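Trainee: I'd like to take a close look at a single part of this protein with you. Could you walk me through one piece of it in detail?

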Amino acid sequence: VESLGDINNDNFIDIAVGVQNGLEELYILLLDGDQNVINYVNFTASDNLYGNRFSYAVSNINDIDNNGVNDIMVGCYGERGNGQAMSGAIYLYLLNNDGTYSREQKFSNDVGFFNFTLERYDRFGYSTTLLTDTMSIISAANRGDTGDLFFLPIFRECSTTNPCLNS
């Protein structure tokens, strides 16, 4: 569960909830002043597979696209990238004020601008946050009895082989 601030401009806090039900869904819940759900949106990763742990970690990353709505980063530590079981992934979603998103950006062995290779059972996306002063993703990877921190800048020059969010 992660607070999103007031994304629909009704003066009440809204939240994101990750659900691990086999389908791994993310719910954006728009709340009223009594914390009742007045509307919701649910979605999965564009390439979601059963058991990949999409939405295990959810982070409010502030308004990185400057549309007045906070955006989110979603961990998916069970993602299979380049044939590597549970190498993991992170998805960034640029949210609209109705809880839908205008853009999804995936970071994994398959997509994004990594300067390293995720290995089998790295579980990248196990936990996530954003350093807003440097616009860098920080993700913990859980390698069994050890762990790693990954630092990824998310804004840089883009090309067709090097996707980013400011294109």
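Trainee: How many bridges join S3 to strand S4, and which way do the two run?

Mentor: Happy to, and please keep in mind that this is a predicted model. Strand S3 and strand S4, residues 37-43, are joined by six bridges and run antiparallel. To find your place in that pairing, look at Ile 28, whose bridge partner in S4 is Val 41. The two strands belong to a hairpin with five residues between them, and there Gln 35 takes a positive phi near 65°.

Now turn to the other neighbor of S3. Strand S2, residues 14-19, also runs antiparallel to S3, and five bridges join them. Here a handy landmark is Val 17, which stands opposite Tyr 27 in S3. S2 and S3 form a hairpin as well, with five residues between the strands. In that turn, Gly 22 has a positive phi of about 95°.

So much for the pairing; what about burial? S3 spans residues 25-31, and six of its seven residues are buried, so the strand is mostly covered, where buried means under 20% relative accessible area. As background for reading the side chains, in a regular strand they alternate between the two faces of the sheet.

To put the part together, S3 is bridged to S2 and to S4, and each pairing forms a hairpin, one with Gly 22 in its turn and one with Gln 35 between the strands.

Key
Residues are numbered from 1 along each chain as its sequence is written. This is a predicted model: local features need pLDDT of at least 70, side-chain atom pairs count only at pLDDT 80 or more; totals for chains, interfaces and linings use all residues. Side-chain values use heavy atoms; hydrogens and water are left out. Buried means under 20% relative accessible area, exposed over 50%, partly exposed in between (1.4 Å probe, protein chains only). Helices (H or I, at least four residues) and strands (E, at least two) are DSSP runs, numbered from the N terminus. Two strands pair if DSSP finds at least two bridges between them.
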